[in-house]
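This report describes selected local features of one protein chain. The sequence and the model are shown first, and the discussion follows.

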Amino acid sequence: MLKNTLLLDALQGKEVKRPPVWMMRQAGRFLPEFRDLKDKYDFFTRCRTPELAAEITLMPIKRFPLDAAILFSDILVVPQAMNIPFEMKKSVGPFLENPISSLEDIQKLDTTGAEDRLEYVYKAIKITKEQLNDELPLLGFAGSPWTILCYSIEGKGSKTFDKAKAFCFKNPNWAHLLLQKITDVTIKYLEKKVESGVNAVQIFDSWGGLLSPKDYEEFSWKYINQIVEALSLKTDVIVFGKGCWFALKTMSQSKASALGIDWTISPQKAREFTGGKITLQGNFDPAKLLSDPDKIYAEVQQMIREFGVQNYIVNLGHGILPNASIKNAESFIKAVVEFKG
């Protein structure tokens, strides 16, 4: 039995004394111990070595009184398992030398047993769970099919992903074939994560906000919802769509246990759009962690008052920035742990 059930209680709509807190990318570049490992091993070596992934997952847990751990991994391990050979290039980020550009490229993808090629992830879960010793829940995650498509067609990061969007608008049938392949593998992958021991999962739709509401329904939400439908039978599912405030009403009518939101919508509007019932997660601007610790503390407590303690998970509106200080991260977490109303 878990000793700290705050996160799972919030996901299941149970009454809590204070909201739970964790931070997207909490096991990452802002931690000096993470940077030490970064100098010794390249990014995907860290992802593919279960012992290293477990060690990194636990780094923030050893530092801060967080209410959940999230497994160190990357959304691009799924396309890698489908024979899309992403690498992490210095000063570039995700990089694919030969992006998908044709129907033939999509048909050649190897999806049969792709989830089994991610055995290193499941091993990392088992090691992490053992080391957590039932203190906290462990989250698993995957990228949304749309977000994976964006990288697979663009070949690298982008602020607009125009190439990926143009591909979908010119060749919608090809795009849907690719999205369905990614969806099918993602469902099996997340199911195996649950079987390996994660207590809940999050779907990251980092680039959904680049689409119009109509196109979001066609190219992103319908595939996310397939994942939610399948996984909700086995665990709690959090859906985080960056910039997707326009889809909150639709999302709230799904079987998701919680919706993550970014800082472009107020707590009041988010509650209004979602009918005031579903658990919300977010939405502190990560850039605010670069300000003064006292200001962070006060603003986080005000954020909790605006969302309300119940049906709420405190988090950032996106991943913590690499130049955020330990002191400021502590202030963010302390504001939640010490919240009295």
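In which loop does Asn133 lie? Asn133 lies in the loop between α7 (119-132) and β4 (138-143), where helices (H or I, at least four residues) and strands (E, at least two) are DSSP runs numbered from the N terminus. The model is predicted, so local features need pLDDT of at least 70 and side-chain atom pairs count only at pLDDT 80 or more, whereas totals for chains, interfaces and linings use all residues. Residues are numbered from 1 along each chain as its sequence is written, and side-chain values use heavy atoms, with hydrogens and water left out.

**Backbone geometry**

Phi of Asn133 is near 55 degrees, a positive value in a residue other than glycine. Asn133 counts as partly exposed because its relative accessibility is 48%; buried means under 20% relative accessible area, exposed over 50%, and partly exposed in between (1.4 Å probe, protein chains only). Arg25, a residue other than glycine, also has a positive phi, near 65 degrees. Arg25 is found in the loop between α1 (6-11) and α2 (32-38) and is partly exposed, with a relative accessible area of 47%. A cis peptide bond joins Gly282 and Asn283, with omega at about -15 degrees. Asn283 lies in strand β8.

**Surface charge and salt bridges**

Arg25 is also one of the residues in a patch of positive charge on the surface, together with Arg29, Arg35, Lys38 and Lys90. Patches are made of residues with over 30% relative accessible area and no salt bridge, like charges being joined within 9 Å and nonpolar side chains (Val, Leu, Ile, Met, Phe, Trp, Tyr) within 5 Å. Lys90 is found in the loop between β2 (87-89) and β3 (93-95), and Lys90 is exposed because its relative accessible area is 79%.

A salt bridge is a side-chain nitrogen of Lys or Arg within 4 Å of a carboxyl oxygen of Asp or Glu. By this rule the count comes to nine salt bridges.

| Salt bridge | Closest N and O atoms |
|---|---|
| Arg63 and Glu33 | 2.9 Å |
| Asp110 and Arg117 | 3.5 Å |
| Glu229 and Lys255 | 3.3 Å |

Glu229 is partly exposed at 34% relative accessibility, and Lys255 is partly exposed at 47%. Arg63 forms its salt bridge with Glu33; this pair likewise links distant parts of the chain, with Arg63 in helix α4 (residues 50-63) and Glu33 in helix α2, 30 residues apart. Arg63 has a relative accessibility of 36%, and Glu33 has a relative accessible area of 23%. For the remaining pair in the table, the values are 35% for Asp110 and 37% for Arg117. Elsewhere, Lys288, Lys295 and Glu299 are linked in a network of salt bridges.

**A buried serine and an exposed lysine**

Ser152 belongs to helix α8 (residues 145-154) and counts as buried because its relative accessibility is 0%. Not counting residues up to four places away in sequence, Ser152 touches Pro79, Ile84, Phe86, Leu96, Pro99 and Ile100, contact meaning heavy atoms within 4.5 Å.

Lys277, by contrast, is exposed, with a relative accessible area of 70%. Lys277 is found in the loop between α13 (267-273) and β8 (279-284). Lys277 and Ala258 are 19 residues apart in sequence and 9.9 Å apart in space, C-alpha to C-alpha.

Technical notes
Areas by Shrake-Rupley, 256 points an atom, 1.4 Å probe, with all protein chains shown as cover. Lys, Arg positive; Asp, Glu negative; His and termini not counted. Charge placed at Lys NZ, Arg CZ, Asp CG, Glu CD.
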